[in-house]
Amino acid sequence: MKRFLNSWTGIIITFALLYALRGILPAAFLTEVVIFSIYAMGCSFLIGRLGLTSFGQPAFLAFGAYGAGVYLYYFGHNSFVAILVGILASLVLNMLVGSFMVRLNSSYFTLCNQAFCVVTFFIFQKALVKWTFGDNGLLLISRMKPTPFIDLTTPKGIYLFAFLVAVAVWLFYYYLMKKSVFGATCLCVKDNELKLRFLGYKTFNIKWLAFVIANTTAGLAGAIYTVYFCMVNANISNVNTASEAVAISMLGGAGTLFGPLVGSFLFIGLKDIASRFISHWEVLVGLLLIIVMLAGEKGIVGTLEGYFEKMKANSSSSTTALTKEGGL
């Protein structure tokens with residue numbers, strides 16, 4: 001089972017099942033789950049592979065969202081181009097921001113990212129209000145035109161597109177985390193950065209590249225978010241939502257391949273169901289997160305991986321013992 005959770009075939013099968021759920025669960029719910037899982041994947045990678053907890057993810061989400069939104073509102077009508085512009089805008093800004101953020105470690109990194117999120121919210125809400133329209137935002141529904149191949153102006157089209165992007169993102173992170181040397185060096189940075197420096201590695205470059213990759217993934221989610229909701233406003237970068245990506249990552253299992261997907265499914269599900277009955281649905285998410293952390297500390301997927309690994313070890317021990325007895 002652990003091998004399934006860490007293989008490309010597992011990714012394909014899981015997402016095929018997720019797509020099949022479209023006939024059972026609401027398409028809007030599944031689309032949000034997919035977008036949020038892409039958003040949380042970068043945060044999960046930073047926490048699990050580098051040990052860097054970022055409460056600034058809404059800012060990086062907003063980079064891609066406003067990149068796509070500004071293009072659609074002021075320059076063009078093609079949603080595919082808008083998403084590409086959002087990715088490029090996010091990439092450039094993350095390269096600049098990452099050059100000073102990754103110089104910080106531990107809690108300083110966390111706090112400065114959160115402070116940066118506050119600054120970003122102010123910029124989009126107040127400083128650039130002439131172009132972003134602050135809390136009212138950019139309304140794009142009249143600006144978007146049908147696109148060829150996959151029509152992103154329809155619910156079915158945007159879900160299919162988000163689904164295909166998610167598969168590509170997961171395959172990329174599968175290679176990054178499980179097959180690449182870069183993924184291994186990221187773990188080394190987390191475990192013993194000083195020793196890695198002693199061996200001649202430039203840890204700044206490793207952390208900077210990881211930061212750019214992770215947060216550009218958030219920007220990609222932001223661009224898709226804008227196209228899906230046909231609008232973007234300053235609240236997308238609100239610091240009040242800064243804990244969402246971290247909560248999703250920790251709930252599902254930070255640094256695991258399927259953790260963001262499981263965490264997003266539970267997070268969006270709880271929000272949609274609980275918000276119908278109580279106004280402060282976040283309380284339930286917090287309680288669930290506490291229970292999961294107390295049960296395993298590695299999130300749902302991480303705990304399951306450890307459980308299956310233990311079962312495999314016990315099975316191997318039993319087989320070895322039986323073999324020895326048979327030999328005697």
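Phe 122 is partly exposed, at a relative accessible area of 49%. Here buried means under 20% relative accessible area, exposed over 50%, and partly exposed in between (1.4 Å probe, protein chains only). Phe 122 sits in helix α6, residues 106-127. Helices (H or I, at least four residues) are DSSP runs, numbered from the N terminus. Ser 237 lies 115 residues from Phe 122 in sequence, yet their C-alpha atoms are 9.0 Å apart in space.

This is a predicted model, in which local features need pLDDT of at least 70, side-chain atom pairs count only at pLDDT 80 or more, and totals for chains, interfaces and linings use all residues. Residues are numbered from 1 along each chain as its sequence is written, and side-chain values use heavy atoms, with hydrogens and water left out.

**Salt bridges**

Side chains of opposite charge can pair when their charged atoms come close. The structure holds three salt bridges (a side-chain nitrogen of Lys or Arg within 4 Å of a carboxyl oxygen of Asp or Glu).

| Pair | N to O distance |
|---|---|
| Glu 32 and Lys 271 | 3.8 Å |
| Glu 193 and Arg 197 | 3.0 Å |
| Lys 207 and Glu 193 | 3.3 Å |

The side chains of Glu 32 and Lys 271 meet in a salt bridge. This pair links distant parts of the chain, 239 residues apart. Glu 32 belongs to helix α3, and Lys 271 to helix α12 (residues 259-274). Glu 32 counts as buried, at 16% relative accessibility.

Glu 193 and Arg 197 share helix α9 (residues 181-198). They are four residues apart, about one turn of the helix. Glu 193 is buried, at 15% relative accessibility. Arg 197 is partly exposed, at 48% relative accessible area.

Glu 193 also meets Lys 207 in a salt bridge. Lys 207 lies in helix α10 (residues 203-229) and Glu 193 in helix α9, so the pair ties together parts that are 14 residues apart in sequence. Lys 207 is buried, with a relative accessible area of 4%. Shared partners join Glu 193, Arg 197 and Lys 207 into one network of salt bridges.

Two packed helices are described by the angle between their axes and the distance between the axes. Axes are lines fitted to C-alpha atoms, for helices over the stretch in contact, and angles run from 0 to 180 degrees between N-to-C directions.

Helix α3 (residues 27-50) packs against helix α8 (residues 155-179) at about 20°, with the axes 10 Å apart. That angle makes α3 roughly parallel to α8 (under 35 degrees). The residues in contact (heavy atoms within 4.5 Å) include Leu 30, Val 34 and Phe 45 in α3, and Phe 163, Trp 170 and Tyr 173 in α8. By class, this contact of α3 with α8 has 16 nonpolar, three polar and two charged residues. Ala, Val, Leu, Ile, Met, Phe, Trp, Tyr, Cys and Pro count as nonpolar, Asp, Glu, Lys and Arg as charged, and the others, Gly among them, as polar.

The axes of α3 and α10 come within 9 Å and cross at roughly 170°. That makes α3 roughly antiparallel to α10 (over 145 degrees). The contact of α3 with α10 divides into 17 nonpolar, four polar and two charged residues.

How values were computed
Helices (H or I, at least four residues) and strands (E, at least two) are DSSP runs, numbered from the N terminus. Angles under 35 degrees count as roughly parallel, over 145 as roughly antiparallel, 65 to 115 as roughly perpendicular and the rest as oblique.
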